[in-house]
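Look at the sequence and the model first, then read on.

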Amino acid sequence: MRAFAVAVVLLAAAPAAAQPMDTYGMGSRSIALGGAVTADVEDFTANYYNPAGVVRDGQLRFGVGWFGAVHDMTLNDESSNVDPVHGIVAGLNVPGNIGDFRFAFGLALHLNDQRVSRTRVLPRMRPRWELYDNRPQRTYLATHVAIEPWPWLRIGGGVGFLSYSEVDLSIRGEIDIGAPERGSALDHDVLANLVTIRFPQVGIQVQPTEWLDFGVVYRGEYALTSELYAQVGEPDGTGPNAAGLLVGDTYVPAYLQLLSASTGAYVPHQISFGASVRPIPQLRIAVEVTWLMWSLYQSPIGLTELELRVTLPPELAGTIVIPPLANTLPVAAGFSDRVVPRLGVEWTAHEDTDLRFDLRVGYFYENSPAPEQSGAYNLVDTDRHAWSAGAGLELRGLRPLLPGSLRFDLHLQYGFLPARRMVKLSPIDPTGDYVASGHIFAGGLTMEVRFE
Amino acid sequence: MRWRRVVPLLSLIAACSTIGDPGGMPDGLPHGGTGAFRLLDAEEIGIVGSLPGRAMVLRDAVERATPVDGYLFYATARVLDEPPPLPDDQPPNDIFWAAFEPRRIHRGEAREEGFGGFASGPEVLVASDAWEGGEVFDPFVVVDGGTARLYYAGLGGIGLAEAPDAGGTFTRVGAAPIVADARHPSVVRGVDGAWWMYYEAAGAIHFARSDDGRAFTPMGPITLSDDDTGEGTELRVASPGAVRVETRGDRTLIRLYFESVREGITEGELSHVFYVAGSEDGVTFERYPIPVMEQSDVRFPAPVLVDDRVTLLYGNLPFFGGAYLTRAVVAAVGPGGYRFAAPSTPSP
C-alpha cells in the first residue's frame, strides 16, 4: 500500500502551566524569609511579591542573582525524574519625584538557563507531578509602577508576562507505507513563535508606624488552551491536498482529522495578606497568608476528536479493516483552593556605618489542591513543607567607588513533600495504587546595588 | 588585570549552563499489571531461538507451565513412535494429543544465565490413580512454610501431591480428586487469609476455598464483568492464573489472568487472548477491557510478581518441535517497556 499525496497541517499552541516563582520564590532574601515579605518588601523582588514595594525605598536599586532547585520526587520509590530548575533572576526599581509626589518603575525577570519555555504533552492517564513537572519551565517578566501618595501608603500595579510557544507545522508529499525510508518525499514548513501572555498584579503596603507594616497583593488568573489540529487529505476526497491509499492498482480515498484541545497553562487568582513587625530594631518578624483559587483550575486532560474516512471500493470490502476511533472528553481536575501560611524572621546580627549582616529563616506550608487520584487519571501532588535559611551582607562604606551600598544575599531551602497514598476505585486500574512523596532542594545567590 | 581573566571565565560558565537537555522521564511509573506485556527477547532471557519469549528449550509437547521458587513445573509428552495421522478437523493451533504419549508432570530448574528461562528437567509425577485417566497435567505449585503443594489435573478433576519443598519428592494426598470435573487450578492466599483455588469447570472460572490447602469447598463461578474492547466475540473464559497483590494503598487484591476464547478474529479458528481482572473480595472481578498481550493464540497464563510494578507472565504459544505442533512455553513482562538486564552470553 502506498499513501498518495499526503498533506498534514498541525497547529500547536502549546503553553505549559504557571510561573516558577509561585513554587520557589524570587530573590534570595525573600526566599530565605519564606516568602513572607508582602508587607515590607522593597528590593527588586517587589515586582513579584508586592508591586507597591517598588516605591518604598525611594532609591535606585538593581539586582541580579542565580537560582537553582533540584527535585527528588518519587512514585512508589521510583524516581519521577522531575527536571531541575535553574536560571537567572534580575530586576530594578527606578524611583522618581514630581514635587513631593513619589513614584517608581519596576522590572523583574526570571530566565531559566536550560530552556526558555517547554511544552510537554503526556498520555492522558500517565502520572505526572502536576505542579512541578512542567510548571516552572518558563520565563517570567514583570513591569510595574508604584506611587506613594502619603508616607504611610504605597500602591503599585502592573503586568506580568509569561512565555509560551506556538507552532504551525505543515507537511505535504507522499509516504510509501511499505518502505517509508525509500519511497517517501515530504516537504514541510515550520513556523514557531515564542509569544507572551499577560496577567495583572496589584498591591498595597500600609505602614502605620515605623515598626509595623501591612501589605496585600493580588495576582491575576490566566488559562490558555493548548490545541493540536491535524488534517490529512480533503474531506470530500478531492482537491490539492487529497490523500489516499494505493492498494495494488486501486486508489482508495482517505481523510483523517485530529483535534486535541486542553488547558495547558493555568495560574490561579492569588491574594496575599501580610504583616511585619519590628519589636526591636534588630528583629523583624513577618507572617503572611496566601489564598490561591485552585478550585477554578481547568484540567489539562482535554478533548480529543478523531475522524477517519476510508471509502473502500466493493472489491476491497472485507480486506481492509478500519479500526473504530474513540473520541475523548475533558476531565475535571477537581482541585480545591489552597491557603498558604508563611513565616519569616530576620535578625540583624551586626550593623554599623560600613556593614550590615543579617540572618534569616522562613517557613511555609502548602496544602495540596489536588484530590486523591482514585480514578483513571493521575494529577499527582502532595502537601509541601518548606524551610529556608539565609544570610545577607550589606557593604555600605564603598564611597567614592559606589555612591550607595552593595548587598549579597544567600539562601537555602528544603521542601518536604510527605507521602501521599493514592488508592484506586478500580481493582484493575492500569496504574494501580501508589504512594507519592518527595524532596526539593533549592538555593541561590543575589547581589543588589543600591544607589543613594 | 585579574578581572580580565575572571569575566571571560564566568561568561563561559554561564554560557555552558544554558545548554538545554531534552528533560527527564520517570524511571518507572506505577503499574497495575494490565500490560501491555512484551515477550522477553533472547538477550534478556538468555535463550536464542526462533520464537520470541521462549522460556524453555523443549521439543516435546507442552501446555501449562507454572514457576515457583526457581523451578518450572510443566506437563509434557513425547510423540509416539508410530503416531496416527492428523485428522482433517484437527484445530490448527491445538496439540494433537493422540499422537503423543500420556502427559507427565516435570520440573525444570532456572537457568543461570538470563532472567526467566528454565532448563527442562525430570518428571515428578506420573499418573497412577484411576481418576487421573492415565495422564496428569496442568501443574500449579504453592510453597507454604515447610510444604510444597502440587495441584494438578487428571481427566477426573484436580488432585494434590505434597513435598517438603518445591525441589523435593512429591507424594499424592488421598486417592481421589480434591475438586472433581475441573482443570487448570491456580491457588493463592485469599483476601481472608484462607487458600483460594481458581479453576476452570464447565466453560467458566470457578473458585473453591480451603483453610488447610488440602480440602477445598467449591463456591461456584466467579462474577466477571464483560465489558471488553477486544476483537471478536467471547465464547468462554478459561485457564485462570491468579496472583495475590499487596498494593501500596495498603490493601490486598486478587489479580486474575485468564484466556478469553473468541471467534471472529481469525477466520475459521478460535482465538485465545489473555485478559486480566481484579477483585477486592476474590469473588467479583472487574475486567480490564484491553487484552494484556497482542498475540491472538496465547494460552495458560501463569503470573509471577517480580516487584510491585513488574509482572512476569508465562504462557504458551504455537510451535513445531517436530512434525507435530508441540507449542512452547514463553515469558512476557509487563509493563512492556521494562527490560531485564541482558546476560553476557545467550545460549541455545
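A salt bridge here is a side-chain nitrogen of Lys or Arg within 4 Å of a carboxyl oxygen of Asp or Glu. Side chains of opposite charge can pair when their charged atoms come close. This is a predicted model, in which local features need pLDDT of at least 70, side-chain atom pairs count only at pLDDT 80 or more, and totals for chains, interfaces and linings use all residues. Residues are numbered from 1 along each chain as its sequence is written, chains are lettered from A and ligands numbered from 1 in the order in which they are written, and side-chain values use heavy atoms, with hydrogens and water left out.

**Salt bridges**

Over all chains, the count comes to 57 salt bridges.

| Pair | Closest N to O distance |
|---|---|
| Arg56(A) and Glu42(A) | 3.3 Å |

Helices (H or I, at least four residues) and strands (E, at least two) are DSSP runs, numbered from the N terminus. Buried means under 20% relative accessible area, exposed over 50%, and partly exposed in between (1.4 Å probe, protein chains only).

Glu42(A) sits in the loop between α2 and α3 of chain A and Arg61(A) in strand β2, so their pair ties together parts 19 residues apart in sequence. Arg61(A) counts as buried because its relative accessibility is 3%. Arg56(A) is buried too, at 11%.

Arg102(A) is in strand β5 (residues 101–112) and Glu148(A) in strand β7 (residues 140–150), 46 residues apart. Arg102(A) is partly exposed at 24%, whereas Glu148(A) is buried at 8%.

Some bridges join into a network. Its members include Asp40(A), Glu42(A), Arg56(A), Asp57(A), Arg61(A) and Arg399(A).

**Nonpolar cores and a surface patch**

A nonpolar core is a set of buried Ala, Val, Leu, Ile, Met, Phe, Trp, Tyr and Cys residues joined through side-chain atoms within 4.5 Å. The largest has 55 residues. Met26(A), Trp129(A), Tyr132(A), Tyr140(A) and Phe335(A) have the most contacts inside it. A second, separate core of 20 residues includes Ile428(A) from one chain and Leu313(B), Phe319(B) and Val330(B) from the other.

Patches are made of residues with over 30% relative accessible area and no salt bridge: like charges are joined within 9 Å, nonpolar side chains (Val, Leu, Ile, Met, Phe, Trp, Tyr) within 5 Å. Accessible areas come from the Shrake-Rupley method with a 1.4 Å probe; for residues, only the protein chains shown count as cover. One nonpolar surface patch holds Ile280(A), Trp347(A), Phe357(A), Leu359(A), Leu393(A) and Phe408(A), with about 490 Å² of accessible area together. Phe357(A) lies in strand β18 (residues 355–366) of chain A. At 31% relative accessibility, Phe357(A) is partly exposed.

**Backbone details**

Arg399(A) and Pro400(A) are joined by a cis peptide bond, with omega about 0 degrees. Pro400(A) is in the loop between β20 (384–395) and β21 (404–422). In chain B, the bond from Gly35(B) to Ala36(B) is cis, with omega near 5 degrees.

Ala202(B) is not a glycine, yet its phi is positive, near 55 degrees. Ala202(B) is exposed, at 82%. Asp250(B) has a positive phi of about 60 degrees, and is exposed at 63%.
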